[in-house]
Amino acid sequence: MPLPMVHLGVARGIAEKLHIPDLPAFYLGSIAPDGIFTREGFTREQKWRNHLINEDGVRTIDEILAFYKEHKHLDESFILGYTVHVLTDQLYNENVYQKYLERYENDLSPVQDKKWAYYNDTDIVDFEIYLKSPWRDEVWRYLEQSHGIDVEGYIYAVEADAWRDRTLHWYDSGESEHKNPVRYITYGDEIVFIDMAVEDICRMIIKLR
């Protein structure tokens with residue numbers, strides 16, 4: 001749901017508050033689930049499974065945390081990042097995306113359909129976060145050092161690495177390809193969400209340890 005700078009912003013906030021043994025692995029894990037989009041011919045079912053959504057289109061916080069417990073032996077920092085990614089998606093859906101839907105549906109004259117209005121706003125804001133974040137260069141250095149791992153049935157190292165490379169260069173142009181004025185999801189909305197998600201997810205992680 002949220003784009004890479006939101007995921008990395010949440011991960012960076014968590015890394016500031018908690019001891020993470022391997023920061024390159026953690027930051028890569030925090031964007032790795034979206035590596036599914038680099039898989040040739042991926043299906044919706046594969047994307048749901050990889051984002052811990054069951055066949056009924058549902059996932060719960062408890063199920064996400066159970067994934068961490070079951071897979072942390074593979075690489076604790078990477079799996080923690082992966083778990084943080086999915087927790088961020090879940091909280092974003094509840095706290096940002098639902099508000100987006102309300103704002104869009106209450107707009108009597110939307111200039112785009114629902115899907116592209118969402119990506120217009122989130123991509124423009126994602127570039128704004130990239131340009132304004134003082135921690136960006138630090139996180140980019142960690143990502144450049146990172147290497148994916150295979151998490152059988154969820155993501156493969158080559159896919160995580162491909163998404164890492166895409167993310168590292170996505171912002172090279174300096175501005176989004178979307179050009180309509182932001183109407184539904186603002187920079188302020190996403191910054192408030194990042195701060196909230198850091199606090200909520202930290203509490204969840206502390207209980208796991």
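**Rings, pocket and packing**

Biologist: At what distance from the ring centre of Y154 does R49 lie?
Modeller: R49 is placed over the face of Y154. A charge is taken to sit over a ring if NZ of Lys or CZ of Arg is within 6 Å of the ring centre and within 35 degrees of the ring normal. For R49 and the ring centre of Y154, the distance is 4.4 Å.

Biologist: What pLDDT do local features need in this model?
Modeller: Residues are numbered from 1 along each chain as its sequence is written, and side-chain values use heavy atoms, with hydrogens and water left out. This is a predicted model, in which totals for chains, interfaces and linings use all residues, side-chain atom pairs count only at pLDDT 80 or more, and local features need pLDDT of at least 70.

Biologist: The charged end of R166 sits over which ring?
Modeller: The distance from the charged end of R166 to the ring centre is 3.9 Å. The ring belongs to W170.

Biologist: How many aromatic pairs does a search of the whole structure find?
Modeller: Rings of Phe, Tyr and Trp (its six-membered ring) pair if their centres lie within 6.5 Å; planes under 30 degrees apart count as stacked, over 60 as edge-to-face and the rest as tilted. With that rule, the number of aromatic pairs found in the whole structure is 19.

Biologist: Which kind of aromatic pair do F67 and Y154 form?
Modeller: The ring centres of F67 and Y154 are 5.1 Å apart.

Biologist: How many residues apart in sequence are the parts that the pair of F67 and Y154 ties together?
Modeller: Helices (H or I, at least four residues) and strands (E, at least two) are DSSP runs, numbered from the N terminus. F67 is in helix α4 (residues 61–71), while Y154 is in the loop between α7 (136–145) and α8 (157–170). The pair therefore joins parts whose separation in sequence is 87 residues.

Biologist: Are F67 and Y154 buried or exposed?
Modeller: Buried means under 20% relative accessible area, exposed over 50%, and partly exposed in between (1.4 Å probe, protein chains only). On that scale, F67 and Y154 are buried.

Biologist: What is the angle between the planes of W116 and Y119?
Modeller: W116 and Y119 form a tilted aromatic pair, 6.1 Å centre to centre. The angle between their planes is 55°.

Biologist: By about what are W116 and Y119 separated in helix α6?
Modeller: W116 is partly exposed, with a relative accessible area of 41%, and Y119 is partly exposed at 33%. They lie three residues apart in helix α6 (residues 114–132), so their separation is about one helical turn.

Biologist: What do ring pairs link Y97, Y100, Y104, W116, Y118, Y119 and Y184 into?
Modeller: W116 and Y119 are among the residues joined by these ring pairs. Together with Y97, Y100, Y104, Y118 and Y184, they form a cluster.

Biologist: How much space lies in the largest pocket?
Modeller: On a 1 Å grid over the protein atoms alone, a cavity is a set of points where a 1.4 Å probe fits but cannot get out, and a pocket is an open set with protein on both sides within 12 Å along at least five of seven lines; lining residues have an atom within 4 Å of a point. Grid points are joined across faces, edges and corners, and a volume is the space filled by probe spheres set on the points. For the largest pocket, the space is about 820 Å³.

Biologist: Which residues lining the largest pocket are the closest to its centre?
Modeller: The lining of the largest pocket has 29 residues. The closest to the centre are M1, L3, F37, Y118 and Y119.

Biologist: Which element gives the largest share of the lining of the largest pocket?
Modeller: The elements that give two or more residues to this lining are α5 (76–105), α6 and α8. The largest share is seven residues, and it comes from α6.

Biologist: How far apart in space are V10 and I191, C-alpha to C-alpha?
Modeller: V10 is in helix α1 (residues 4–17). In sequence, V10 and I191 are 181 residues apart. In space, C-alpha to C-alpha, they are separated by 9.6 Å.
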